[in-house]
Amino acid sequence: MNPEWNTQKVEHSFYEISQDCMLELAGCLKCLDQGQIDADTLSFMCKQILTVEINDPEFLAFSLENIHQLLQYVTSGDSKIRIYRDVNGETWFKAEKT
């Protein structure tokens, strides 16, 4: 009898946000800091950038719902930002400095 026959394999899926996207988001934040745009315009621009970047509807929805957290990662200088989703549907950001 194989003891692993009924064991679920834990698979995580993830999406790594591209450097180009991160630079665009950082540029939007810079415009906000310089007073060139307001918070509503920032939100609209971020939504447009992420909609083009992320083709998975669940990752996109998570990113838009948690845009403030994502932007904190962008401003902290993290070079790799990934969105993870586990088999239970839990989703989170993870950032790495390289």
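Which backbone oxygen lies 3.0 Å from a polar atom of the side chain of Thr 75? The backbone oxygen of Gln 72 does. Such a polar contact is a pair of N or O atoms within 3.5 Å; within protein, one must be able to donate a hydrogen and the other to accept it, and residues adjacent in sequence count only if both atoms are side-chain atoms.

This is a predicted model: local features need pLDDT of at least 70, side-chain atom pairs count only at pLDDT 80 or more, and totals for chains, interfaces and linings use all residues. Residues are numbered from 1 along each chain as its sequence is written, and side-chain values use heavy atoms, with hydrogens and water left out.

**Helix α4**

Thr 75 lies in helix α4. Helices (H or I, at least four residues) and strands (E, at least two) are DSSP runs, numbered from the N terminus. Thr 75 is exposed, at a relative accessible area of 57%. The cut-offs, with a 1.4 Å probe and protein chains only, are these: buried is under 20% relative accessible area, exposed is over 50%, and partly exposed is in between. In sequence, Thr 75 and Ala 26 are 49 residues apart; in space, their C-alpha atoms are 6.8 Å apart.

The buried residues of α4 include Ile 67, Leu 70, Leu 71 and Val 74. They sit on the same side of α4, because they cover an arc of only 100° around the axis. That arc is taken from the directions from the helix axis to the C-beta atoms. The face turned away from the buried side carries exposed His 68 and Gln 72. Cover for the buried residues includes β1, α1, α2, α3, β2 and β3. Just after α4, Gly 77 has a positive phi of about 90°.

**The sheet**

Three strands form an open sheet in the order β1-β2-β3, with antiparallel pairing. Two strands pair if DSSP finds at least two bridges between them. The edge strands are β1 and β3, each pairing on one side only. From one strand to the next, the twist averages 25°.

| Strands | Bridges | Direction |
|---|---|---|
| β1 (residues 13-17) and β2 | 5 bridges | antiparallel |
| β2 and β3 (residues 91-96) | 6 bridges | antiparallel |

Ile 17 has Ile 81 of β2 as its bridge partner. Lys 80 has Glu 96 of β3. Strand β2 (residues 80-85) is mostly covered, with 5 of its 6 residues buried. β2 and β3 form a hairpin with 5 residues between them, and Gly 89 in the turn has a positive phi of about 90°.

Helix α4 lies across β1, β2 and β3, running at about 5° to β3. Axes are lines fitted to C-alpha atoms, for helices over the stretch in contact, and angles run from 0 to 180 degrees between N-to-C directions.

**The core**

The largest nonpolar core has 23 residues; Ile 17, Leu 25, Leu 50, Leu 70 and Ile 83 have the most contacts inside it. Such a core is a set of buried Ala, Val, Leu, Ile, Met, Phe, Trp, Tyr and Cys residues joined through side-chain atoms within 4.5 Å. At least two core residues come from each of β1, α1 (19-33), α2 (39-53), α3 (57-65), α4 (67-75) and β2. α1 gives the most, with 5 residues.

Not counting residues up to four places away in sequence, Leu 70 touches Ile 17, Leu 25, Leu 50, Ile 81 and Phe 93. Contact here means heavy atoms within 4.5 Å.
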